[in-house]
Amino acid sequence: MFTPAITGTGVFTPSQTITNAELVAAFNAYADKTNAENAKAIAAGEMEPLAHSSEEFILKASGIEQRYVMDKSGVLNPEVMHPLLRQRGDDEPSIMAEMALDAAKKALAQAGKTVADVDTVICAASNMERAYPALAIEIQDLLGIKGFAFDMNVACSSATFGIQAAADMVRSGSIRSALVVNPEICSGHLEWRDRDCHFIFGDVATATLIERSEDATGAYFEILSTRCATSFSNNIRNNNGYLRRSRPDGVEDRRDMQFMQNGRKVFKEVLPMVSQHIAEHMEAEGVSNTDLKRLWLHQANKTMNDFIGKKVLGRTPEAGEQPNILQDYANTSSAGSIIAFSKYSDDLSAGDLGLICSFGAGYSVGSVILRRVS
């Protein structure tokens with residue numbers, strides 16, 4: 001048996017940003033246009049007018065101030081309200097593979113390793129831009145990695161589930177190392193025309209290199225333990241899929257073909273599940289809340305993170321103990337906790353313990369207990 005370790009991480013950040021002010025201006029223009037087009041139905045009481053959004057509403061509801069996206073032109077166009085990404089030929093790298101490639105190279109550079117040191121690529125993300133061939137295999141090919149690769153999807157928990165899969169393989173000796181990549185173009189499945197959620201998501205890609213601790217060439221994080229859990233729920237759902245055209249109304253512009261959630265139920269049901277999951281994981285490993293130096297949580301909502309942090313630590317987290325990045329990145333699905341870990345982990349000292357946790361649709365929750373080694 002070998003000891004798995006995280007030896008490098010990388011983050012690809014798109015060049016374009018959308019501020020809350022820009023987003024609100026675009027949404028309100030869309031709302032005014034829609035209301036004008038349906039003025040008679042609204043006057044007859046057959047349709048409710050669309051309400052305006054506001055910067056204050058967004059910040060209070062989420063803690064988000066801006067988001068990075070692959071394309072802002074379509075999102076901010078009231079006639080379009082979704083990203084506009086060019087059609088690529090089959091002989092070109094796909095956009096998600098390109099994003100993952102950037103993050104993967106950064107993770108390898110941080111670890112001081114090359115592609116020759118990697119055996120496996122796991123592409124773990126909420127959405128894949130195609131059914132097959134697997135994006136992981138394309139990423140493997142673009143990097144020039146031998147071995148094998150595969151895709152996996154557990155929505156916002158994909159990264160931690162991918163880390164567990166990689167850690168288990170490293171621990172057993174079946175592989176030496178694995179790159180877990182998380183390319184997330186969340187702007188593609190977000191319904192930008194829905195006031196209740198139009199501000200939630202952003203785009204990013206992250207990568208994590210997991211290898212045998214004995215192969216590390218610098219400081220690293222030993223993976224002490226991983227734990228995953230799922231419980232089926234329809235409260236976060238997207239009904240788009242390859243069978244869409246087989247149904248009479250499948251090709252229509254239906255609301256359920258984009259991201260949907262019952263926010264109140266999610267808040268009420270997911271928070272206890274996550275808090276209990278973390279507590280039981282820590283107890284099983286003999287880790288007390290006073291032992292934890294850092295919590296890297298899924299970046300969905302500041303209020304949710306504050307609740308979980310207080311529940312886990314038994315007190316309000318101090319500055320830096322539970323870093324948030326969603327004010328800049330928004331919710332980036334599976335990549336959020338990895339962004340937080342990548343940006344806020346180098347300052348920990350040898351022996352310090354930390355915990356990565358992600359949670360989301362499924363419901364799903366995954367946690368990883370780490371120890372800093374210098």
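M81 is buried, at a relative accessible area of 4%, where buried means under 20% relative accessible area, exposed over 50% and partly exposed in between, with a 1.4 Å probe and protein chains only. This residue has a positive phi of about 65° although it is not a glycine. M81 lies in the loop between strand 3 (66-69) and helix 4; helices (H or I, at least four residues) and strands (E, at least two) are DSSP runs, numbered from the N terminus.

A word on the model before going further. It is predicted, so local features need pLDDT of at least 70 and side-chain atom pairs count only at pLDDT 80 or more, while totals for chains, interfaces and linings use all residues. Residues are numbered from 1 along each chain as its sequence is written, and side-chain values use heavy atoms, with hydrogens and water left out.

## Backbone features worth a look

A155 sits in the loop between strand 5 (148-152) and helix 6 (158-172), and with a relative accessible area of 14% it is buried.

Then there are the cis peptide bonds. One runs from Y132 to P133, with omega near 0°, and P133 belongs to the loop between strand 4 (120-124) and helix 5. Another joins G362 and Y363, where omega is about -5°. Y363 is placed in the loop between strand 12 and strand 13.

## Around A361

The loop between strand 12 (353-360) and strand 13 (364-373) also holds A361. Is A361 buried or exposed? At 18% relative accessibility, A361 counts as buried. Leaving aside neighbours within four places in sequence, A361 is in contact (heavy atoms within 4.5 Å) with V154, A155 and I236. A361 and D117 are 244 residues apart in sequence, and their C-alpha atoms are 34 Å apart in space.

## How the helices pack

Two helix pairs are set side by side here. Axes are lines fitted to C-alpha atoms, for helices over the stretch in contact, and angles run from 0 to 180 degrees between N-to-C directions.

| Helix pair | Axis separation | Angle |
|---|---|---|
| Helix 4 (residues 95-111) and helix 5 (residues 135-143) | within 9 Å | roughly 55° |
| Helix 7 (residues 263-284) and helix 8 (residues 302-313) | 10 Å | about 35° |

The axes of helix 4 and helix 5 cross at roughly 55°. That angle makes helix 4 oblique to helix 5, given that angles under 35 degrees count as roughly parallel, over 145 as roughly antiparallel, 65 to 115 as roughly perpendicular and the rest as oblique. Helix 4 passes helix 5 in a right-handed crossing; a crossing is right-handed if the near helix is turned clockwise from the far one by less than a right angle, and left-handed if anticlockwise.

Which residues of helix 4 meet helix 5? From helix 4 come M96, A97, A100, L101, A104 and K105, and they meet L135, E138, I139, L142 and L143 in helix 5. The residues of this contact divide into 9 nonpolar, no polar and 2 charged. Here Ala, Val, Leu, Ile, Met, Phe, Trp, Tyr, Cys and Pro count as nonpolar, Asp, Glu, Lys and Arg as charged, and the others, Gly among them, as polar. An α-helix has 3.6 residues a turn, so residues three or four places apart point the same way.

Helix 7 likewise passes helix 8 in a right-handed crossing. On the helix 7 side, F267, V270, L271, V274, S275, I278 and M282 meet T303, M304, F307, I308, K311 and V312 of helix 8. That contact divides into 10 nonpolar, 2 polar and 1 charged.

## Cover and exposure

How many residues of helix 10 (residues 336-343) are buried? The count is 7 of its 8 residues, so helix 10 is mostly covered. The buried ones are G336, S337, I338, I339, A340, F341 and S342.

N35 lies in helix 1 (residues 20-37) and is buried, with a relative accessible area of 17%. Its side chain reaches the backbone nitrogen of L50 at 2.8 Å, where a polar contact is a pair of N or O atoms within 3.5 Å; within protein, one must be able to donate a hydrogen and the other to accept it, and residues adjacent in sequence count only if both atoms are side-chain atoms. Leaving aside neighbours within four places in sequence, N35 is in contact with I42, P49 and L50.

T316, by contrast, is exposed, with a relative accessible area of 55%. T316 is found in the loop between helix 8 and helix 9 (326-329).
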